Amino acid sequence: MKLTVTKEQARRFLLQKQLLIEKPKEGDAGIKHVFEKLRIIQYDPLNPCGRNPDLVLQARVENYHPEDYFKWLYKEKNGIECYDKLLCIIPIEDFPLTSHNRKIVVQWPQFKELLKKRQKDFEIVLNFIDKNGPVSSSDIENQEIVPGLGWYGFGSRWGKVALELLWKTGRIVIAKRIKGNKYYDLPRKVYNGDYFGIDREVEEEHVLRRVNAVGILRATSTGGAWNGLGRAKHVSEILKSLINKRELTLLNIEGIKTKYVVLTKNIKLFDTKVSFRDEMLFIAPLDSFVWDRGMLEELFGFRYRWEVYVPVAKREYGYYVLPILHKDQFVGRIEPVLQGDTLVIKNLWKEQNIAWDKGMDKGLEKAIEKFAKYLKAKNVLPHPRVRSSIHLSRIREEVV
């Protein structure tokens, strides 16, 4: 089954699926709604203006503040941190669908060798967690240096190595975070329900769930949005099967050569009349909306790269830059940083192909003030380029 749509139709469909058009729900109900609909939010520890989950949620939940999702995740135990598309937060009932990632870790030569040599030491750690959990790596008495473990994500001290490996293989879970520090416990002490010990291969349900997380995805199983589902060839075979079963629909977008897929049950949204939210939104750098950078460029004419790991001299924009969305266009980029109780706008870049007017400048002003409220900032310190464009009601006159 094939469907041909315009770029405008595709943009509006994508924004509907990403909950960026509808009037946002508020507080706990809004957080629950976002996780139920998207099923996955990528986690990253960097925290210049809230961590990535906070930035995803502030664009979709009214009156949201950093770490408000902790109640849904750690207190009510509705979700879990695990590897899905990289490190993510997902509803706990989806956890069995990520077992293939844990199987990969078990097959790592370094892990297999370490497990063989130090099986008793791993059991000591598990027994300690059973008696004392939740525990952090600093709580582990044995802090010897473990040589030869230089792969990404693992420290060299035994406490951190042991906890990280036990977590990556599903033997323990992250029970809470305090100031970004992880505290681990046994699954049976944290979650009710049989979500653990289930072995699943990558199947049709996994692919459908990933398409749902974004809304529109490439039919070739290439691109960053497909990360975490294993071999591209296997995913491509599943995609073909789902298209044949008409659970997925091939999408032809006028003026674009790339072929995409959408969930067949959602194609009615292409004909839905929408009313855009009359506000500018700051989008998280690892938001599922921008996972497929190529699709973003084809549909919106907006080239976005996250430059956190790019050397300073080679950065085109800045360290932690957020895209600015207005209706169905990306109109600029902003670099906000919370310093103490002050929101510092380090820089602003308006898209050259977008004609900004006074109404858009006023919209940016409101968006910055709303962002300050989200961060509970008492002051806003704008870059001179921002100050020359708009008037903020709260401005300290120092120059950044």
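**Questions on burial, contacts and cysteines**

Me: What covers the buried residues of H12?
Reply: The cover includes H1, helix H10 (204–214), strand E9 (217–218), strand E10 (248–253), strand E11 (260–263) and strand E14 (329–339). The model is a predicted one.

Me: Which residues of helix H12 are buried, and why are they said to line one face of the helix?
Reply: In helix H12 (residues 293–300), the buried residues are Arg293, Met295, Leu296, Leu299 and Phe300. Viewed down the axis of H12, these buried residues fall within an arc of 160°, so they line one face of the helix.

Me: What is found at the start of H12, and what just after H12?
Reply: At the start, a side-chain oxygen of Asp292 comes to within 3.2 Å of the backbone nitrogen of Gly294. Just after H12, Gly301 has a positive phi of about 65°.

Me: Why is Gln18 called buried?
Reply: Buried means under 20% relative accessible area. Gln18 has 0% relative accessibility, so Gln18 counts as buried. Its place is in the loop between helix H1 (7–17) and strand E2 (25–26).

Me: What makes the pairing of the side chains of Gln18 and Ser288 a polar contact?
Reply: The cut-off for a pair of N or O atoms is 3.5 Å, and one atom must be able to donate a hydrogen and the other to accept it. The contact between the side chains of Gln18 and Ser288 is at 3.3 Å. Beyond four places in sequence, the residues in contact with Gln18 include Leu38, Arg60, Ala213 and Phe289.

Me: Is Met360 buried or exposed, and where does Met360 lie?
Reply: The limit for buried is under 20%; Met360, at 9% relative accessibility, therefore counts as buried. Met360 lies in helix H13 (residues 358–375). Leaving out residues up to four places away in sequence, Met360 touches Met280, His326, Val331, Ile354 and Ala355. Met360 and His326 are 34 residues apart in sequence, and their C-alpha atoms are 8.5 Å apart.

Me: How many disulfides are there, and how do you know that Cys82 is in no disulfide?
Reply: The count is 0 disulfides. A disulfide needs two cysteine sulfur atoms within 2.5 Å. For Cys82, the nearest cysteine sulfur is that of Cys88, 7.0 Å away, and Cys82 is in no disulfide. Cys88 is likewise in no disulfide, with the sulfur of Cys82 as its nearest at 7.0 Å.

Technical notes
Residues numbered from 1 in each chain as written. Predicted model: local features only at pLDDT ≥ 70, side-chain atom pairs only at ≥ 80, totals over all residues. Heavy atoms only, no water. Helix = DSSP H or I, 4+ residues; strand = E, 2+ residues; numbered from the N terminus. Buried < 20%, exposed > 50% of the residue type's maximum accessible area, 1.4 Å probe, protein only. Contact = heavy atoms within 4.5 Å. Arc of directions from axis to C-beta.
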